[in-house]
Amino acid sequence: MRILLTGGCGFIGSAVVRHIIGATEHSVLNVDCMTYAASPETVAAVASSDRYQFAQVNITDGPALAKLFEDFRPDAIMHLAAESHVDRSIDGPDVFIQTNVVGTYTLLEAARGYWQTLDETARKAFRFHHISTDEVFGALELDDPPFTETTPYDPRSPYSASKASSDHLVRAWYHTYGLPTFVTNTTNNYGIWHFPEKLIPLVTINAIEGKELPVYGKGENVRDWLFVEDHAEALVKAVEVGKPGETYAIGARQPRTNLEVVKTICAVLDELVPDPAGPRERLIRFVTDRPGHDFKYEIDPTHAETELGWKAKHNFESGIRRTIQWYLDNRDWWEAIRSRRYTGERLGQAKK
């Protein structure tokens, strides 16, 4: 299979690229415009493969996309390119609308134009796989059942609203034009090569450096955590066997409060590299919550596990230990980011 994948130098996209090259016989064209959160190092280990290609193209550039389709002749699209940080969407929603909504529309139209040139057999086999988030479903209360594929949409942030919009576009192109699209929604991912603005890498790096560990509110918000390499495997399974018009909710059944996550990071680091100043929980600081902070996300992945023949391999304890050890072993990467692209400053404090 020849896969055109967008956002392949980002956190989840690069994990998918590495999985494709390392664990399958598929070929991949990585299309990435290289925003602040993209790093070429994330795919360096597979970049020399003759099954890997890269193109620095923005998904809002229709003519450039059309040329990529014409030259690469993909059998499937995996669309991961997106602005994804809720706090940044609060500070500046415009780029989220441009990339997540306009970019998805532009990619859909480029894919539809290409798909219409294929013969009947190739048209039936073609897939447009749109990767989305559980945040489009809104928020759960503490005792609510997890999200499923049929949960109504109720986005609460500019980020989740932009992703919900893109999901609707993808489904509309299936129903209106027959383009064989499907959607996967996932929980919070964590793991290696995660840009340091997100909770787990930010807290891990701050704890390594002996800096304060900011926790929103009282740390009671709950997230369902999925190790990124498990997610990458699920996404490739989905593009191989996913059915047009379907939705697959992908998760690992690993809900934790934010405070539990932070305390786990502290405990693992205290074991691996003890701090002479004392246990790292002393660094936890509760800070003002962000506007519209959803209380809980959790997914019931039963349908995806059954239909895709997949199940997450890592529990949270094994996944977080692998993640923390990786950050200890790869200081050069995140120290360069801290010095040039993101210093760890607080984002997403816009007033209502």
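A salt bridge is taken here as a side-chain nitrogen of Lys or Arg within 4 Å of a carboxyl oxygen of Asp or Glu. The model is predicted, so local features need pLDDT of at least 70 and side-chain atom pairs count only at pLDDT 80 or more, while totals for chains, interfaces and linings use all residues. Residues are numbered from 1 along each chain as its sequence is written, and side-chain values use heavy atoms, with hydrogens and water left out.

By the salt-bridge rule, the count comes to 19. Three of these pairs are tabulated below.

| Pair | Closest N to O separation |
|---|---|
| Arginine 338 and glutamate 209 | 3.3 Å |
| Glutamate 317 and arginine 256 | 2.8 Å |

Glu209, Lys211 and Arg338 form a linked network of salt bridges. Arginine 338 belongs to helix 12 (residues 331-340) and glutamate 209 to helix 7 (residues 199-209), so this pair ties together parts 129 residues apart in sequence. Helices are DSSP runs of H or I with at least four residues, and strands are runs of E with at least two, numbered from the N terminus.

Burial is expressed as relative accessible area: buried means under 20%, exposed over 50%, and partly exposed in between (1.4 Å probe, protein chains only). Arginine 338 is buried at 10%, whereas glutamate 209 is partly exposed at 30% and lysine 211 is partly exposed at 40%.

In the remaining tabulated pair, glutamate 317 forms a salt bridge with arginine 256. Glutamate 317 lies in helix 11 (residues 316-329) and arginine 256 in strand 11 (residues 255-257), so the pair joins parts 61 residues apart in sequence. Glutamate 317 is partly exposed at 42%, and arginine 256 is buried at 17%.
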